[in-house]
Amino acid sequence: MSDKRITEEEVAYVARLAHLKLSSEEEKKITKDLGDILSFIDKLNELDTEKVTPIFQVVPGEGRFREDEVVPSLPREDGLANAPERGNGFFKVPKVIPERKEEG
Amino acid sequence: MELYRMTALELSSLIRKGEVSPSSLVEAVAKRIEEVEEKLSSYVTLTIDEALSEAKRVEERLTKGEELGPLAGIPIAVKDVICTKGIRTTCSSRMLENFVPPYDATVVRKLKEAGAIIIGKTNMDEFAMGSSTENSAFFPTKNPWDTSRVPGGSSGGSAAAVSAGETILALGSDTGGSIRQPAALCGIVGVKPTYGRVSRYGLVAFASSLDQIGPMTRTVADSALLLSVIAGYDPADSTSVDRPVPDYLSALEGDIKGMKVGIPKEYFGEGLDPEVEDKVREAISLLSTLGVEFSEVSLPHTEYAIPVYYLVATAEASSNLARYDGVRYGFRMEGDFSLREMYIETRGMGFGAEVKRRIMLGTYALSAGYYDAYYLKAQKVRSLIKEDFDKAFSEVDLIITPTSPTPAFKLGERVADPLKMYLSDIFTVTTNLAGITGISLPCGFTKENLPVGLQILAPPFSEELMLRLAHRYEQEAGYYKRMPPI
């Protein structure tokens with residue numbers, strides 16, 4: 001492994017996973033910052049955690065059941081009120097399905 | 001004394017006796033805001049007009065002799081990460097700059113039922129990510145004790161507002177110290193309740209297994225009062241715990257003699273400012289004279305807490321912040337984009353630098369090939385940190401530490417170095433990782449007249465014991481009487 005903890009290529013890949021546009025300066029800065037942070041995080045490898053059970057919730061969750069009752073939900077108008085774009089009672093997004101090409 | 005300097009308990013009693021009207025109280029706070037807000041920038045949104053109308057409504061009910069809630073007529077500031085129906089809730093982010101929630105968070109509903117009057121929404125680090133409020137996309141908040149310094153963060157606006165008398169009470173949220181650290185840096189009281197004690201419904205999620213809403217006030221008794229109002233099970237938050245809510249106010253009065261309090265040696269080492277250490281040691285001496293029994297305890301995995309925190313919190317954040325896609329609410333980048341391009345452009349433009357950095361770290365830690373090495377490893381070490389506390393609390397009732405390793409630092413001092421900023425939270429993140437409760441309260445001032453915070457930690461759902469010790473110390477030490485020179 002190189003002395004670089006994370007490369008700019010890896011950063012660009014992770015940014016794609018996170019759906020995040022980064023400028024080339026941001027990419028450089030984040031590469032450096034993540035490198036520093038990951039080196040710091042390496043400290044965890046001092047600990048042998050082979051037999052340790054990970055903890056995901058601090059409050060033991062017993063799982064709750066409730067009656068399946070119909071209750072009023074947010075009115076559609078309220079739910080749509082903050083949408084950047086809307087139409088016919090729906091959220092509007094850029095076209096997802098390309099237009100069908102002519103047969104032939 | 002000016003009304004804005006008084007506590008909620010004092011004011012509540014005066015309101016009930018008819019000696020102070022809610023309108024005059026709101027007006028006094030509004031006037032104070034007018035005087036100092038330009039220097040502090042505590043608020044993102046002010047709701048003075050609505051507050052005055054609400055005060056009138058409380059007055060009418062008072063005249064009619066109706067029964068009033070415990071916070072009737074008391075102004076409160078709400079951190080701008082907590083949803084308020086019809087009032088813009090921005091998280092100090094461009095992403096939510098124009099977001100107006102269609103519903104109230106459970107805590108806000110409870111505040112209204114208790115008669116509290118919302119006076120505004122306070123500034124914060126964007127999406128609660130930061131320790132100085134400098135990560136606000138709008139403007140930084142200044143510390144009322146020295147306006148060249150930060151108020152701490154992420155609930156810096158709430159802390160500055162309470163400290164300067166721009167409100168009587170405030171709500172903050174605490175994921176790794178975001179209530180307690182700014183409370184310490186601004187010389188006020190801040191409580192991070194046990195995980196599950198307060199409903200998170202309507203709290204914009206940062207790291208769901210760590211986030212809690214809590215009180216920020218000038219006295220421990222006011223925090224007890226406010227906690228009694230906001231605590232409790234909520235069917236809308238499956239992680240809230242169904243346990244009776246004690247009357248925290250009446251819990252303050254019990255004896256503290258013979259209480260066993262641990263001093264963790266790991267919290268008094270390298271990096272701790274000597275003046276901060278002195279003040280905390282003085283507090284320990286004072287409490288000893290009151291019959292509190294101190295002993296040393298060990299929390300051996302403390303040094304691993306920051307790396308664990310920054311893996312767990314960023315992993316959860318990367319998932320929680322995936323919802324900001326420019327479709328249902330919030331900012332959308334306009335242009336001739338495909339759906340995927342629209343997501344990428346929107347998120348690239350809508351989020352600030354620290355939020356991007358954390359989404360990147362969290363996404364990386366969860367990505368294929370790294371999950372075991374980073375995220376899973378962190379959750380295992382988190383287990384060890386929790387076990388440290390379990391063991392310590394089998395020996396002592398409470399634990400006492402400094403809240404922050406340093407007093408308030410200068411604006412700009414730590415922004416360039418994220419790791420240095422992260423270390424501001426070194427004494428507070430463990431509380432969230434272990435799910436326990438903690439309080440910060442003032443324990444003195446440095447030579448430069450900057451407040452120092454004392455942190456008391458307690459086992460899950462032991463807020464009563466913790467508040468009792470804090471209250472007694474506060475009353476003996478008397479630092480709560482000091483207001484910042486602004």
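Guide: Two residues count as in contact if their C-beta atoms, placed from the backbone, lie within 7 Å. Before we start: this is a predicted model, where local features need pLDDT of at least 70, side-chain atom pairs count only at pLDDT 80 or more, and totals for chains, interfaces and linings use all residues. Residues are numbered from 1 along each chain as its sequence is written, while chains are lettered from A and ligands numbered from 1 in the order in which they are written.

Visitor: What makes H5 of chain B run at about 155° to E4(B)?

Guide: Axes are lines fitted to C-alpha atoms, for helices over the stretch in contact, and angles run from 0 to 180 degrees between N-to-C directions. By that rule, helix H5 (residues 156-164) of chain B gets about 155° to E4(B). H5 lies across E1, E2, E3, E4 and E6 of chain B. Helix H16 (residues 463-477) of chain B, lying across E9, E10 and E11, runs at about 10° to E10(B).

Visitor: Why are E2 and E4 of chain B called paired?

Guide: Two strands pair if DSSP finds at least two bridges between them. Three bridges join E2 (residues 75-79) to E4 (residues 169-174) of chain B, so the pair qualifies. The two run parallel, and Val78(B) stands opposite Leu171(B) in E4(B).

How values were computed: Helix = DSSP H or I, 4+ residues; strand = E, 2+ residues; numbered from the N terminus.
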